[in-house]
Amino acid sequence: MAKENMSFMVCCANGAGSSLMMKMTMQKVLTKLNIKPGKVHHCALSEGKTAASQYDVVFCAQNFTNMFKDAEKKGTIVIGLRNIMSVQEMEEKMREHGLV
């Protein structure tokens, strides 16, 4: 089960449109799963690379996951998505990583 107050970060290339939509998808998933996060933040990859280790979980497009290897070494769970707008995929990935 996911812990209360886990912090989540969602990243896209520029930190404007896609990451904001991904954040809204994340909030739908968290509400559906009755998880109360400590923080849900969206940003550009440039910010995300440096800040990722401060978060419990990072979501990004699949092709960007390799940018977060340092954060993974420090214990951050990095999850790549094929469809960043898919509630179903995000929920499945959370289950696969033992967050639910």
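In the predicted model, E72 is partly exposed, with a relative accessibility of 33%. The side chain of E72 forms a salt bridge with that of K69, at an N to O distance of 3.5 Å. K69 is likewise partly exposed, at 43% relative accessibility. Both residues belong to helix 3 (residues 69–73), where a spacing of three residues places K69 and E72 about one helical turn apart.

This pair belongs to a total of three salt bridges. Another joins E91 and K32, with 2.7 Å between N and O. E91 lies in helix 4 and K32 in helix 1, so that this bridge connects distant parts of the chain, 59 residues apart. 

E91 is buried, at 11% relative accessibility, whereas K32 is exposed, at 56%. The side chain of E91 also meets that of R95 in a salt bridge of 2.9 Å, N to O. R95 and E91 are four residues apart within helix 4, about one turn of the helix. R95 is partly exposed, with a relative accessible area of 44%.

Helix 1 (residues 17–32) and helix 4 (residues 87–96) have axes 9 Å apart and an angle of about 60° between them. The two helices, helix 1 and helix 4, are therefore oblique to each other, and their crossing is right-handed. On the side of helix 1, the contact involves M22, T25, M26, K28, V29, L30 and K32, which meet V87, M90, E91 and M94 of helix 4. Of the residues in this contact, seven are nonpolar, one is polar and three are charged.

Terms used:
Residues are numbered from 1 along each chain as its sequence is written. This is a predicted model: local features need pLDDT of at least 70, side-chain atom pairs count only at pLDDT 80 or more; totals for chains, interfaces and linings use all residues. Side-chain values use heavy atoms; hydrogens and water are left out. Axes are lines fitted to C-alpha atoms, for helices over the stretch in contact, and angles run from 0 to 180 degrees between N-to-C directions. Angles under 35 degrees count as roughly parallel, over 145 as roughly antiparallel, 65 to 115 as roughly perpendicular and the rest as oblique. A crossing is left-handed if the near helix is turned anticlockwise from the far one by less than a right angle, and right-handed if clockwise. Contact means heavy atoms within 4.5 Å. Ala, Val, Leu, Ile, Met, Phe, Trp, Tyr, Cys and Pro count as nonpolar, Asp, Glu, Lys and Arg as charged, and the others, Gly among them, as polar. A salt bridge is a side-chain nitrogen of Lys or Arg within 4 Å of a carboxyl oxygen of Asp or Glu. Buried means under 20% relative accessible area, exposed over 50%, partly exposed in between (1.4 Å probe, protein chains only).
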